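This report goes through one protein chain, from its overall make-up to selected local features. The sequence and the structure come first.

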Amino acid sequence: MRSYLYKVYPAALLAAALLLTLTGCGRGLPQAREMDDMALMRTMGVDAGEQSGQLTVTVSSSRRARGIQGEEEPPLILSAARPSISGACLAMQGLSDSYVFYGHVDQLLLGEALARQGVLETLEHFSQDKELGLGTQAWLIRGETAGAAIQAGKETGVDNRLSSLQADGEMGAAGLSRTVGEVLTDLLEDGSAYLPALELSQNDQGDTALLEYGYGVLRSGGLVGWLTGEKARGLELAEGRPGADLLEFEEATVRVDTAVFTCTPLIGGGTLQGLELDLRLTAQAVEEHQEGVDREALREKIQARERARLLMALEQLQQWNADCLGLARAAGAAQPERWELICQQWQERFPELELQVRCTVSLTSAGR
């Protein structure tokens, strides 16, 4: 498990924290303010600006309670374009009749255009700003701007949807979620990282929703491509976190419960030649469609399907030369005495390495 920082505001200290002199995205408060005179922002979107050298920052609060009756109002959405995130945040103070507080931002959306230019500076800002933090969840918006994704929340906002996706991912009911700290660490250590992706989708009634779109892969801070469908499932297997997915076969429906993935380097003549990859799964036949299912034949089908998924994901990463899974570190941990050799040759050799993938499955039936 990688370590990363979470920012926590205990309830008892929240009111006091809001009244302290602040730095970073917001300036210090000139005087004490009531809670209902503040807009607590939950979501921030960062996009490439229309003009060169500028960023467009969009922020959104949750639904807000106003007045004695505490009636809810739609989320407050603000946007500004400046050369920096700090400058945009400061500019938005003048766009609201409430004090805009950024210390509650826990969701970061990154537009595709910005991602292709590079997001390292944006992520580093979250590591340095005293109001923001490394525990913020990060998402890529495919084919659209982060601002458009936030605006799509309309009356209800997008923070609840993002929080639900995060919680579902932790329970294995959705794709993997990632924090700013995790992504930034991977970029600095491995030169590559992946981020969960979302896309805007409109239904027949004209309502717009944020739907999962696999993962975006970053190399040197910039987006190089998307892993979707079977490739996205392969990435999840390599991370040891099989997602909310059922394997449908003629004789049974199967759920993969756990995954353990290991990587061992293959070295010959002082040269890194390949990787021996071992994927061990536990799976359960949650529904059998036939009497007397041949369990060994079913197990072999599962192994073939999951092996193919893993291989598709890894081969795509090889094409991009993007080790967003930290395979180099895993290989070095397997053979520490050869760590220096692996590091020296990895960037050049990774796209050409022979991948020897083995998948084994322990299969049970529901109720057993």
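## Exposure and overall make-up

A residue counts as buried under 20% relative accessible area and as exposed over 50%, with partly exposed in between. Arg 295 has a relative accessible area of 30%, so Arg 295 is partly exposed. Arg 295 belongs to helix 9. The C-alpha atom of Arg 295 is separated by 7.9 Å from that of Leu 363, although the two are 68 residues apart along the chain.

The model is predicted. The chain has 368 residues, of which 49% count as buried. Its secondary structure consists of 11 helices and 16 strands. Among the contacts in the chain with a separation of 6 or more, 67% are between residues 24 or more positions apart.

The largest cavity has a volume of about 80 Å³. Its lining is made up of Arg 233, Glu 236, Leu 237, Pro 242, Gly 243, Asp 245, Leu 247, Val 256, Glu 306 and Arg 309. Helix 8 and helix 9 each contribute at least two residues to this lining. The largest share, 3 residues, comes from helix 8.

Glu 236, one of the lining residues, is part of helix 8, which spans residues 229–238. Its relative accessibility is 1%, so Glu 236 counts as buried. Apart from neighbours within four places in sequence, Glu 236 is in contact with Gly 175, Leu 176, Tyr 215, Arg 241, Pro 242 and Gly 243. Pro 242 and Gly 243 also line the largest cavity.

## Cys 359 and strand 16

Cys 359 is located in strand 16, residues 354–365. With a relative accessible area of 8%, Cys 359 is buried. When residues up to four places away in sequence are not counted, Cys 359 touches Leu 279, Leu 281, Gln 303, Glu 306 and Arg 307.

## Aromatic pairs and a charge over a ring

The count of aromatic pairs is 3. One of them is formed by Tyr 213 and Trp 226, which are edge-to-face at 5.8 Å centre to centre, with 80° between the planes. Tyr 213 is in strand 11 (residues 208–219) and Trp 226 is in strand 12 (residues 222–227), so this pair ties together parts that are 13 residues apart in sequence. Trp 226 has a relative accessibility of 16% and therefore counts as buried.

Another pair is that of Trp 346 and Phe 350: the ring centres are 5.1 Å apart and the planes are at 20°, so the pair is stacked. Trp 346, at 9% relative accessibility, counts as buried, and so does Phe 350, at 2%. Tyr 194 has a charged group over its ring: the charged end of Arg 178 sits 4.2 Å from the ring centre.

## The buried side of helix 10

Which residues of helix 10 are buried? In this helix, residues 327–334, they are Leu 327, Ala 328, Ala 331 and Gly 332. These residues cover an arc of only 135° around the axis, so they are on the same side of helix 10.

The elements that cover the buried residues of helix 10 include strand 14 (252–268), strand 15 (271–288), helix 9 (295–320) and helix 11 (339–349).

## Positive phi angles

Most residues other than glycine have a negative phi. Ser 220 has a positive phi of about 55° although it is not a glycine. Ser 220 is in the loop between strand 11 and strand 12. At 66% relative accessibility, Ser 220 counts as exposed.

Asn 321 likewise is not a glycine and has a positive phi, of about 50°. Its place is in the loop between helix 9 and helix 10. The relative accessible area of Asn 321 is 25%, which means that Asn 321 is partly exposed.

Definitions and conventions:
Residues are numbered from 1 along each chain as its sequence is written. This is a predicted model: local features need pLDDT of at least 70, side-chain atom pairs count only at pLDDT 80 or more; totals for chains, interfaces and linings use all residues. Side-chain values use heavy atoms; hydrogens and water are left out. Helices (H or I, at least four residues) and strands (E, at least two) are DSSP runs, numbered from the N terminus. Buried means under 20% relative accessible area, exposed over 50%, partly exposed in between (1.4 Å probe, protein chains only). Contact means heavy atoms within 4.5 Å. Rings of Phe, Tyr and Trp (its six-membered ring) pair if their centres lie within 6.5 Å; planes under 30 degrees apart count as stacked, over 60 as edge-to-face and the rest as tilted. A charge sits over a ring if NZ of Lys or CZ of Arg is within 6 Å of the ring centre and within 35 degrees of the ring normal. The arc is that of the directions from the helix axis to the C-beta atoms. On a 1 Å grid over the protein atoms alone, a cavity is a set of points where a 1.4 Å probe fits but cannot get out, and a pocket is an open set with protein on both sides within 12 Å along at least five of seven lines; lining residues have an atom within 4 Å of a point. Grid points are joined across faces, edges and corners, and a volume is the space filled by probe spheres set on the points.
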